[in-house]
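Let's take a walk through this one together, beginning with the protein–DNA contacts and ending with the aromatic rings.

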Number of protein chains: 2
Amino acid sequence: MAAKRAFNIERFFQALGDNTRLRLLNLMGDQEICVCYFVEILDQPQPKISRHLAYLRSAGIVATRRDGKWMHYRIVMPPHIGATQILQQTLGWLKEDRAMQADRARLSKACCTPAKFVALQGAPLPIPIDSSTVSASR
Amino acid sequence: MAAKRAFNIERFFQALGDNTRLRLLNLMGDQEICVCYFVEILDQPQPKISRHLAYLRSAGIVATRRDGKWMHYRIVMPPHIGATQILQQTLGWLKEDRAMQADRARLSKACCTPAKFVALQGAPLPIPIDSSTVSASR
DNA sequence: CCTACACATACGTCAATACGAATATAATTC
DNA sequence: GAATTATATTCGTATTGACGTATGTGTAGG
């Protein structure tokens, strides 16, 4: 059993204080994405991606869902309304950043033309999250 | 090279990822306050306060003004509109936190009844900042 | 000048973090 | 059940950050 810690403000901001983690959050946006996409799009070593995702999870910013071999990550809003607003604001800010736009463009490309991304063959496509049912799933 | 670096997003969030620094920002709010108040209200060693203030300054979140022996600190809005919004949001969030409210209450008390705070004898009172430079939230 | 005051910085130490490389775990496939 | 795939964790190391303590710097007043 993974001991779930209480939400921590310091931890929350620290989680946002790293460019790789911001890039990961930017890619997630309102989708649920599996790890192989992060590795491919950011072009970084898999353990590095995995560690940063673990950090985001420990900070209560993302959650996971296992789907066979694949692990899907999605953003979850923190239990504090203030943190939620800041996270939303941050995501909006990232959308205006050129480098972040480029990351998302690459992700779209990978989803539309998977033939050009050999490493993603067979990987499940990102799944849009219905913003009205953030918590529950059928 | 100049000591002043370009605004850095990672640095910005890292600066917010420490409770002492959040307390300092909370006390500043829309006032310009000298260091001795921080030391007195937070009841922490002066070098510790000074180091955290230096960190905030290096992150481009606060600015200083020397007034004789006293150094006044104030919040300055970052050059990025996104960062500004997040900083405002954060300050608003802090206002709802009990511990942060207690800090501000202590500050008010120190300003109204300075006789009870021996260490602050002769210290200049906090100076409200013209809200035209900082978008207000009433 | 010299001292006192307000604040900043340097130093040593310890914890937290980031990284590449290697290895472990979990689920699928054969 | 052995190999493969996808992801997580461990290990060793280098960097950064936080802290207490000591010391340095700038200013005002005698």
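Helix 4 of chain A is the biggest contributor to the surface near DNA strand C, giving 5 residues. Helices here are DSSP runs of H or I with at least four residues, strands are runs of E with at least two, and both are numbered from the N terminus. Keep in mind that this is a predicted model, in which local features need pLDDT of at least 70 and side-chain atom pairs pLDDT 80 or more, while totals for chains, interfaces and linings use all residues. Residues count from 1 along each chain as its sequence is written, chains are lettered from A and ligands numbered from 1 in the order in which they are written, and side-chain values use heavy atoms, leaving out hydrogens and water.

So who sits around DNA strand C? There are 24 residues around it, of which Arg51(A), His52(A), Gln46(B), Ser50(B) and Tyr73(B) come nearest. (A residue is near a strand if one of its heavy atoms lies within 4 Å of it.) Of the atoms of DNA strand C that come within 4 Å of the protein, 66% belong to sugar and phosphate.

Now zoom in on the polar contacts, meaning pairs of N or O atoms within 3.5 Å; within protein, one must be able to donate a hydrogen and the other to accept it, and residues adjacent in sequence count only if both atoms are side-chain atoms. Arg51(A) has a polar side-chain atom 2.8 Å from a base nitrogen of DNA strand C.

What about DNA strand D? Here Gln46(A), Ser50(A), Tyr73(A), Arg51(B) and His52(B) come nearest out of 24 residues, and sugar and phosphate make up 60% of the DNA strand D atoms within 4 Å of the protein. Helix 4 of chain B supplies the largest share of this surface, 5 residues. Arg51(B) puts a polar side-chain atom 2.8 Å from a base nitrogen of DNA strand D.

Finally, the aromatics. Over all chains there are 8 aromatic pairs, that is, rings of Phe, Tyr and Trp (its six-membered ring) with centres within 6.5 Å, called stacked if the planes are under 30 degrees apart, edge-to-face if over 60 and tilted for the rest. One of them joins Phe7(A) and Phe12(A), tilted, at 5.7 Å centre to centre and 55 degrees between the planes. Both residues are buried, meaning under 20% relative accessible area with a 1.4 Å probe on protein chains only. In chain B, the planes of Phe7(B) and Phe12(B) are at 50 degrees with the centres 5.7 Å apart, so this pair is tilted. Phe7(A) and Phe12(A) also belong to one aromatic cluster with Phe13(A) and Trp93(B).

Definitions and conventions. Buried < 20%, exposed > 50% of the residue type's maximum accessible area, 1.4 Å probe, protein only.
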